Amino acid sequence: MITNVSLVSVWVKDLDESLAFYTDVLGFAAGDDIVLGEDFRWVTVTHPSQPELSLHLTTPSKPLSDDLIAAMQRAQLEGGLPGVGLHVDDCRKTVDDLKSKGVEFLQEPEDRPYGVEALMRDNSGNWMVLVEPREFTPEDFEGVSFD
């Protein structure tokens, strides 16, 4: 029986730069950093409040096919890969703090039926959503458009 999610992979361009971004900028804790063979490095980070879930920072590389590696690298250059969603306690303050550290935002904090939401990029161009959640019901979405 599955008991929980323990690992989510995030495709990054450079492991060292991304490890620094996730720890120094976003406040994650460094986890594993292990070289496995000549061409593979296993790098993880965890959030201090959720140590049971690791983010696996990985580059598009073997054993993926050359075509898939090239396609993923193109998507990274275009900033077209999704990242992760992060809950925050104060979206507007978090955005201000992250902007002061040079983080690029695609969407400023906006009120939504489910909370306050902002959209940013990590240092590899992955989209990341920040949400300050609040209680909602399906009726809260009636007539709402996300254009």
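**View 1. Helix α1 and the glycine that follows it.** Just after α1, G27 adopts a positive phi of about 85 degrees. This is a predicted model, in which local features need pLDDT of at least 70 and side-chain atom pairs count only at pLDDT 80 or more, while totals for chains, interfaces and linings use all residues. Residues are numbered from 1 along each chain as its sequence is written, and side-chain values use heavy atoms, with hydrogens and water left out. Helix α1 covers residues 15-25, and L15, S18, L19, F21, Y22 and V25 in this helix are buried (under 20% relative accessible area, with exposed meaning over 50% and partly exposed in between, for a 1.4 Å probe and protein chains only). An α-helix has 3.6 residues a turn, so residues three or four places apart point the same way. At the start of α1, a side-chain oxygen of D14 comes to within 3.1 Å of the backbone nitrogen of D16.

View 2. The mean pLDDT of the chain is 93, with 99% of its residues at 70 or more, where pLDDT is the predictor's confidence in each residue, from 0 to 100.

**View 3. The largest pocket and its lining.** The largest pocket has a volume of about 450 Å³, and 18 residues line it, of which F28, H47, G85, L86 and H87 lie nearest its centre. On a 1 Å grid over the protein atoms alone, a pocket is an open set of points where a 1.4 Å probe fits, with protein on both sides within 12 Å along at least five of seven lines, and lining residues have an atom within 4 Å of a point. Strand β5 gives the largest share of the lining, four residues, while β4 (50-58), β5 and α3 each supply at least two. The lining divides into ten nonpolar, six polar and two charged residues.

View 4. I34 lies in strand β2 (residues 29-35) and is partly exposed, because its relative accessible area is 39%. The C-alpha atoms of I34 and T44, ten residues apart along the chain, are separated by 9.3 Å. M128 belongs to strand β8 (residues 127-133) and is buried, because its relative accessible area is 0%. M128 and G85 are 43 residues apart in sequence and 5.6 Å apart in space, C-alpha to C-alpha.

View 5. The peptide bond from K62 to P63 is cis, with omega near 15 degrees. P63 sits in the loop between β4 and α2 (66-78).

Conventions:
Grid points are joined across faces, edges and corners, and a volume is the space filled by probe spheres set on the points. Ala, Val, Leu, Ile, Met, Phe, Trp, Tyr, Cys and Pro count as nonpolar, Asp, Glu, Lys and Arg as charged, and the others, Gly among them, as polar. A polar contact is a pair of N or O atoms within 3.5 Å; within protein, one must be able to donate a hydrogen and the other to accept it, and residues adjacent in sequence count only if both atoms are side-chain atoms.
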